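Q: Please take me through the terms used for this model, and say in each case what the label rests on.

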Amino acid sequence: MRAIVNVYLKEGVLDPQGKAIAHALDSLGFGELVKGVRVGKQMVLELNSTDEASAKIEVEKMCETLLANTVIEDYTIEF
Amino acid sequence: MRVAVLRFPGTNCELDTHYAFAQLGADVEIVWHNEQKLPEGIDLVVLAGGFSYGDYLRSGAIARFSPIMKAVVEYANEGNFVLGICNGFQILTEIGLLPGALKRNNNLHFISKFQTIKVINNDNRFLSQCNTQEILTIPIAHADGNYYIDSEGLKEIESNGQVLLRYCDSNGEPLAINGSLNAIAGVCNKNKNVFGLMPHPERAIEDILGSMDGKKMLEGFMN
């Protein structure tokens, strides 16, 4: 089974990379369409498990301790 | 005075830090991150600058799980002195010994230059040899020095006197060099025994280096 973890800076925490990309898109002529950009990280975890419920609890622990810094980042977990 | 300087894979300022404290007369030991214990009888632990674990995931995020860090947390919680410089500061925020976090610089650049910084609070051991409002010139060299903390936390560290240093211009006015909230360049914990800063005092200890202001900072620990 595979778990996909996405980590983003929290809403309200300025994302300098996202801002730079939005600026570049604007200069390419996409400015009217693109309201904002946020940059994140995606980690794909190959798991030795078929039990999504119990795996989710473990992956949450991984996010809280290592994969995200919850002072500045939020995360999502997908299977 | 005995100082332990930690070395993680990717640390690159441990020898400069060793040299700086040795020049001040300290007995300095470099400690490998895989050690379980700190040397007996040390007075200060320094987490030196560099790129521990290649800054993978986030700066300092992986180093905080090195075996030695358990001993450092215990040592800090007993009220002993811990100093984190640059990457060391990032590790101390990641492990929760210091409040806040360090994000990518607002301009996305690695900033490497001499920078003026202002002493905000000197009622602590680290800056005891500096005057408040004093302007120091210290090198900075970082890509992730953009200090962030939520608004409640910011109020708390400001009112507790935990803000040690701010980036400033030559007149002492706060300077948005990397996006840090309130131009914060260094903080300490509530108990004022754990210190972290992005500038490199160990690189400003001799005339030939262009500044001796860093010596004045490190000397605080020597008394």
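Q: Which residue is the bridge partner of Gly186(B) in β11(B)?

A: The bridge partner of Gly186(B) is Leu197(B). This is a predicted model, in which local features need pLDDT of at least 70, side-chain atom pairs count only at pLDDT 80 or more, and totals for chains, interfaces and linings use all residues. Residues are numbered from 1 along each chain as its sequence is written, while chains are lettered from A and ligands numbered from 1 in the order in which they are written.

Q: What makes β10 and β11 of chain B a pair?

A: Two strands pair if DSSP finds at least two bridges between them. Strand β10 (residues 184-188) of chain B and β11(B) have three bridges, in the antiparallel sense, so they meet the definition. They form a hairpin with five residues between them, and Lys192(B) in the turn has a positive phi of about 60°. The elements themselves are DSSP runs numbered from the N terminus: helices are H or I of at least four residues, strands E of at least two.

Q: In which sense do β4(B) and β11(B) pair, and over how many bridges?

A: The pairing of β4(B) with β11(B) is parallel and has four bridges. Within it, Leu83(B) has Phe195(B) as its bridge partner.

Q: Which residues of β11(B) point one way, and which the other?

A: Val194(B) and Gly196(B) point one way, Phe195(B) and Leu197(B) the other, and all are buried. In a regular strand the side chains alternate between the two faces of the sheet.

Q: Why is helix α3 of chain B called mostly covered?

A: A residue is buried if 20 or more other C-beta atoms, placed from the backbone, lie within 10 Å of its own, exposed if 12 or fewer do, and partly exposed in between. In α3 (residues 87-94) of chain B, eight of the eight residues are buried. Phe89(B), Ile91(B) and Leu92(B) are among them, and so are the charged end residue Glu94(B) and the polar Asn87(B). The cover includes β3 (44-47), β4 (81-85), β5 (101-103) and β11 (194-197) of chain B. Just after the helix, Gly96(B) takes a positive phi of about 90°.

Q: Why does Leu57(B) count as partly exposed?

A: Leu57(B) has 17 C-beta neighbours inside 10 Å and therefore counts as partly exposed. Leu57(B) is found in the loop between β3 and α2 of chain B, and has a positive phi of about 70° although it is not a glycine. Most residues other than glycine have a negative phi.

Q: Is Gln133(B) exposed or buried?

A: Gln133(B) counts as exposed, because it has 11 C-beta neighbours inside 10 Å. Gln133(B) lies in the loop between β6 and β7 of chain B, and its phi is positive, about 70°, although it is not a glycine.

Q: What makes a set of residues a nonpolar core?

A: The set must consist of buried Ala, Val, Leu, Ile, Met, Phe, Trp, Tyr and Cys residues joined through C-beta atoms within 7 Å. The largest core here has 73 residues, of which Leu6(B), Val46(B), Val82(B), Ile85(B) and Leu164(B) touch the most other members. Its largest share, five residues, comes from helix α2 (residues 67-77) of chain B. Apart from it lies another core of eight residues, including Val5(A) and Val59(A).

Q: How many residues of chain B are in contact with chain A?

A: Two residues are in contact if their C-beta atoms, placed from the backbone, lie within 7 Å. Eleven residues of chain B are in contact with nine residues of chain A.

Q: Why is chain A described as more spread out than a compact globule?

A: The globule rule is 2.2 Å times the number of residues to the power 0.38, and the radius of gyration is taken over C-alpha atoms. For 79 residues the rule gives 12 Å, whereas chain A has 16 Å, well over that value, so chain A is more spread out than a compact globule. The C-alpha trace of chain A spans about 45 × 25 × 15 Å along its principal axes. Buried residues make up 15% of its 79 residues.

Q: Which strands of chain A are edge strands?

A: Three strands form an open antiparallel sheet in the order β2-β1-β3. The edge strands are β2 (40-46) and β3 (73-78) of chain A, as each pairs on one side only.
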